[in-house]
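Here is a brief report on one protein chain. Keep the structure open as you read.

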Amino acid sequence: MEFKNETINSERDKQILKPSYRNFPMVPKVVFGEGSFDQLGDILMLKRESVDAPMIYLVDDVFKNSSLINRIPLLFEDRIIFQCAEQEPKTEQVDALVANIKENCKELPSGIIGIGGGTVMDLAKAVAIMLKNKGSSVKYQGWDLVNKPAIYHVGIPTISGTGAEVSRTTVLMGPTKKLGINSDYTVFDQVILDPELLQGVPKNKWFYTGMDCYIHCIESLNGTFLNAFSQSYGEKALDLCKDVFLGNLNDSEARAKLMMASWHGGMSIAYSQVGIAHALSYGLSFLLGIRHGLANCLVFQHLQEFYPEGVATFKKILNKHAIDLPKDICKGLSEDQFNIMINVSLKMTPLWENALGKDWKTRISPEKIRDIYSKI
Ligand code: NAD
Ligand code: ZN
């Protein structure tokens, strides 16, 4: 677009021409270190509203019989609610949790603490929002639809890669779509990064969730939205991923570095965007319920045309860790089912635009997407 000088000089047009940059909220408080989980009691003490306003701990039920439970600083009316992380979080699950908490607490909780992976941390974020906002969580799936600040909420990752601990979204499966509640109020008020908590993650889950981080880096660093902010975090996260997945670190170093890779990867996409693997992965998760990390890997292995270096390194990592990705996932799906996945994927406009540029529609077609799905 061309502007004549006299047009640009007017105050009104100067305003219009000013670029608008995102004002991105960051986690204001973070503790890092082995054993730092034990500082939780002191941190929460300062946030307790009254003896009747409890802390609610949403905890991955994989910890049900573990010693971690005895280290949760329960006081007064505090409650632990175990959550199964075998399925991705749903809007109806969030609504049911909120109803249960409102029914059983004398006062609104002082805080929600999510202890687990992306699934439980996302539930904690969503519950904290929905305790203050009316109606069903379905209403808030989208961008900046939340009206009131959430109650105080804390994220404590126990598996690393998604970056859910730093992001301004909580990804929920709704009745018609898998979409995040993206808002400034979603971001955690406090995060505790204790690498010791990653002990005991089964190898496949460690790999798939870790690869989510690796794919965040590749998609961010190869996207058209890239800028120095995203690049600085993305390059650091990618180096850390390479150390963890291709280096020879001891277990403790590997846990600490993966935790920081997840954090930096999350920061990188916060100010850019993910890309094609995520766009197609959403389709797989929506139709077939395949978990986010695995779904990303299933797609990413076939994206050498778009991310040649990233896919070559991914294959090296697969080899090194002797991971056999499941095959024939899409074999036997009907045309209708392919179309559902294609439609979910094509709705992810910002992801495509980041990956392929503003004219992305000329560079990708439903047929091309179907071709990729049919190889999975
Ligand atoms: P997850 O939370 O689903 O957990 C994966 C598995 O690991 C579960 O079986 C869980 O029980 C187990 N597990 C977790 N910690 C463990 C431990 N210390 N020991 C043993 N087992 C453990 O995994 P995830 O990959 O972190 O999260 C996936 C979810 O995150 C998806 O719902 C996805 O949509 C969401 N996500 C959110 C964001 C965001 O920014 N909010 C970003 C990416 C993905
Ligand atoms: Zn992801």
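## The β7–β8 hairpin

Four residues link β7 to β8 in a hairpin. The model shown here is predicted. Strand β7 spans residues 171–173, and three bridges join this strand to β8. The two run antiparallel. One pairing to look for is Leu172 with its bridge partner in β8, Leu179.

Strand β8 covers residues 178–182. Is this strand mostly covered or mostly open? It is mostly covered, as five of its five residues are buried.

Strand β8 also pairs with β5. Here the sense is parallel, and there are two bridges. Find Trp143 and then Asn182 in β8, which is its bridge partner.

## A charged patch

Now turn to the surface. Which residues gather there in a patch of positive charge? They are Lys102, Lys132, Lys134, Lys139 and Lys148.

Take Lys139 from this group. Its place is in the loop between α5 (118–130) and β5 (142–143). Why does Lys139 count as exposed? Its relative accessibility is 53%, and the cut-off for exposed is over 50%.

## Gln337 in helix α12

Gln337 sits in helix α12, which runs over residues 335–346. This residue is partly exposed because its relative accessible area is 28%, and that value falls between the cut-offs of 20% for buried and 50% for exposed.

Compare Gln337 with Gln87. They are 250 residues apart along the chain. A distance of 20 Å separates the C-alpha atoms of Gln337 and Gln87.

Definitions and conventions: Residues are numbered from 1 along each chain as its sequence is written. Chains are lettered from A and ligands numbered from 1 in the order in which they are written. This is a predicted model: local features need pLDDT of at least 70, side-chain atom pairs count only at pLDDT 80 or more; totals for chains, interfaces and linings use all residues. Side-chain values use heavy atoms; hydrogens and water are left out. Patches are made of residues with over 30% relative accessible area and no salt bridge: like charges are joined within 9 Å, nonpolar side chains (Val, Leu, Ile, Met, Phe, Trp, Tyr) within 5 Å. Accessible areas come from the Shrake-Rupley method with a 1.4 Å probe; for residues, only the protein chains shown count as cover. A salt bridge is a side-chain nitrogen of Lys or Arg within 4 Å of a carboxyl oxygen of Asp or Glu. Lys and Arg count as positive and Asp and Glu as negative; His and the chain ends are not counted. The place of a charge is taken as NZ of Lys, CZ of Arg, CG of Asp or CD of Glu. Buried means under 20% relative accessible area, exposed over 50%, partly exposed in between (1.4 Å probe, protein chains only). Two strands pair if DSSP finds at least two bridges between them.
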